[in-house]
Amino acid sequence: MSCTFVPPYLLQRIALRAGTRHASASGRETLQVDDRLRARRESPPGHMAAPPLPGTKTRVVHSANNTESLPGEAVRSDGDPPVGDLAVDEAFDSSGQVWDMFDSQFGRRSIDGRGGTVSITVHYGRDYDNAFWDGTQLVFGDGDRQIFDRFTKPMDVMAHEFTHGVTQFTVGLAYQDQPGALNESISDVFASMAKQRVLGQTAAQADWLIAAGLFMPGINAKALRSMREPGTAYDDPQIGRDLQVGSMADYVDTDTDSGGVHINSGIPNRAFALAALDVGGYTWEKAGQVWYNTLVNGQLSARATFESFAQATVTSAHRLFMNDTSVAEQVRAAWVEVGVLDADVDLAAYQTTGHGLAQPSESSEPPAGPARPGSTDQPATVAVCRSGGFAGTTKVGQLDLNSDPEGPEVRNLLMRVGTEHITSTRPTPDRFVYTVEYGDWRLTVLEQDLTPELRRLVQVVLNRG
């Protein structure tokens with residue numbers, strides 16, 4: 001599984017709108033690098049990427065030295081002094097802070113819960129505008145330094161990706177539609193807790209921003225997301241405005257971004273912020289305990305909906321704080337406020353475990369293969385849309401097959417795509433989703449399922465903007 005930090009729709013906007021050639025090229029380059037990434041798992045792996053190393057208890061930081069080779073050269077691990085490389089030292093320090101939070105506050109040792117060594121790679125790619133968890137390790141780019149700064153700079157980026165791994169090893173939420181938005185939200189929830197804990201802040205003192213400091217000073221952005229006020233984090237001509245929503249009244253039904261996982265995650269994000277503010281104190285002491293218990297108690301399926309997750313949090317609050325019913329009441333009120341739970345449903349309905357929880361899908365069969373492009377009366381243009389990714393951006397490209405110099409190559413690629421078998425796997429966190437349109441023929445394919453021909457096709461067309 002790969003979980004990229006910047007949503008694809010934001011990278012696509014950068015590739016299209018960025019005010020400098022360098023920033024635009026970096027956006028395209030990041031998209032192309034992500035095209036070459038492959039998901040490393042379909043179900044939770046049995047062990048972490050890096051085996052326990054002699055003298056290493058927690059984590060190892062590697063440098064890819066601006067290549068795409070993983071994991072790269074090991075440069076720092078437990079007991080080593082700072083090496084003087086900002087990205088390396090930031091990654092080592094922040095991963096230790098996140099590890100310590102999960103260990104000391106939730107009794108969880110490492111991402112896998114079994115003390116597995118966490119493998120981290122920095123300096124990945126060239127001007128790479130992203131960070132991701134690929135199912136076995138954490139990877140961070142340096143950013144293009146015109147729109148994005150280095151992705152190791154805000155410690156909550158590390159916490160967000162670390163938590164994608166925790167979700168993978170616990171409930172394993174499917175990365176599509178509402179389960180995918182929950183997957184994204186859970187990473188933001190624990191990222192906010194980790195940041196607040198490092199700063200010693202209560203819920204009331206926190207700014208509730210995710211990735212503050214990630215954008216360069218010239219960009220009109222206070223952060224990548226706001227949990228308390230979804231949709232207000234940024235608004236800049238080069239990257240567009242923040243598209244997140246904070247209420248079911250504004251829920252976005254879309255085929256892009258794996259069903260809008262980075263957009264609709266603002267709803268459960270806001271629910272957690274409201275609950276934590278109402279409960280008061282430090283988020284990891286009560287509200288965070290409720291969310292973590294919901295992840296690990298075995299009551300949720302991988303296809304949990306907002307409603308079933310909300311009901312499960314109320315159940316967990318009852319279970320954990322039997323002598324303080326106000327916690328469950330405040331959690332439920334938060335979900336009512338964002339429109340997920342019905343205010344008229346009696347609180348007692350959620351006191352029994354398992355109420356209203358999503359059930360596993362009856363079938364894991366992949367969707368039917370794509371239709372073939374027609375051989376007669378072929379259209380003149382092909383369009384590609386890419387969505388998803390950590391920032392949830394969307395990029396669209398269109399190419400004229402008759403006038404573009406690369407038209408003949410793309411036409412040939414289309415014919416080859418129309419005759420090959422394309423594997424269909426499950427969506428994974430922060431990876432991209434591509435839709436190719438060619439006349440009446442439409443194909444939606446996940447990043448990890450791109451064949452070499454499809455990868456080349458989408459790269460060429462997206463580069464046309």
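These notes walk through a predicted model, from the whole chain down to single residues.

1. **Ground rules.** This is a predicted model: local features need pLDDT of at least 70, side-chain atom pairs count only at pLDDT 80 or more, and totals for chains, interfaces and linings use all residues. Residues are numbered from 1 along each chain as its sequence is written, and side-chain values use heavy atoms, with hydrogens and water left out.

2. **The whole protein.** The protein has 12 helices and 14 strands. Both are DSSP runs, numbered from the N terminus: helices are H or I with at least four residues, strands are E with at least two. Of the 465 residues, 60% are buried. Buried means under 20% relative accessible area, exposed means over 50%, and partly exposed lies in between (1.4 Å probe, protein chains only). Now take the contacts with a separation of 6 or more: residues 24 or more positions apart account for 68% of them. Contact means heavy atoms within 4.5 Å.

3. **A link across the sequence.** Ile14 sits in helix α1 (residues 8–17). Ile14 is buried, with a relative accessible area of 0%. Ile14 and Pro237 are 223 residues apart along the chain, yet their C-alpha atoms are separated by 9.5 Å.

4. **How α4 meets α5.** Two packed helices are described by the angle between their axes and the distance between the axes. Here, axes are lines fitted to C-alpha atoms, for helices over the stretch in contact, and angles run from 0 to 180 degrees between N-to-C directions. Helix α4 (residues 155–169) packs on α5 at an angle of about 135 degrees, with the axes 7 Å apart. That makes α4 oblique to α5. Angles under 35 degrees count as roughly parallel, over 145 as roughly antiparallel, 65 to 115 as roughly perpendicular, and the rest as oblique. The crossing of α4 and α5 is right-handed. A crossing is right-handed if the near helix is turned clockwise from the far one by less than a right angle, and left-handed if anticlockwise.

5. **The residues between α4 and α5.** From α4, the residues in contact include Met155, Ala159, His160 and Thr163. From α5, they include Ile186, Phe190, Ala194 and Val198. The contact residues divide into 7 nonpolar, 6 polar and 4 charged. Ala, Val, Leu, Ile, Met, Phe, Trp, Tyr, Cys and Pro count as nonpolar; Asp, Glu, Lys and Arg count as charged; the others, Gly among them, count as polar.

6. **How α5 meets α6.** Helix α5 (residues 177–199) also packs with helix α6 (residues 257–264). Their angle is about 40 degrees and their axes are 7 Å apart. That makes α5 oblique to α6. The crossing of α5 and α6 is right-handed. Asp177, Gly180, Ala181 and Glu184 of α5 make the contact with Ser258, Gly259, Val261, His262 and Asn264 of α6. These residues divide into 2 nonpolar, 5 polar and 2 charged.

7. **Ser265, between α6 and α7.** Is Ser265 buried or exposed? Ser265 is buried, with a relative accessible area of 1%. Its place is in the loop between α6 and α7 (266–279). The side chains of Ser265 and Gln244 are joined by a polar contact of 2.9 Å. A polar contact is a pair of N or O atoms within 3.5 Å; within protein, one must be able to donate a hydrogen and the other to accept it, and residues adjacent in sequence count only if both atoms are side-chain atoms. A polar atom of the Ser265 side chain also lies 3.2 Å from the backbone oxygen of Val261. Not counting residues up to four places away in sequence, Ser265 touches Ala181, Glu184, Ser185, Gln244 and Gly260.

8. **A covered helix.** Helix α8 (residues 287–296) is mostly covered, with 9 of its 10 residues buried. Among them are Val290, Trp291, Tyr292 and Leu295. The buried residues of α8 pack against α3 (86–106), α5, α7, α9 (306–320) and α10 (325–337). Gly298 follows α8, and its phi is positive, near 80 degrees.

9. **Backbone details to check.** A cis peptide bond joins Leu70 and Pro71, with omega about 5 degrees. Pro71 is in the loop between β2 (59–63) and β3 (73–77). Ser110 is a residue other than glycine with a positive phi, near 75 degrees. Ser110 is buried, with a relative accessible area of 1%. Arg145 has a positive phi near 65 degrees. Arg145 is partly exposed, with a relative accessible area of 43%.
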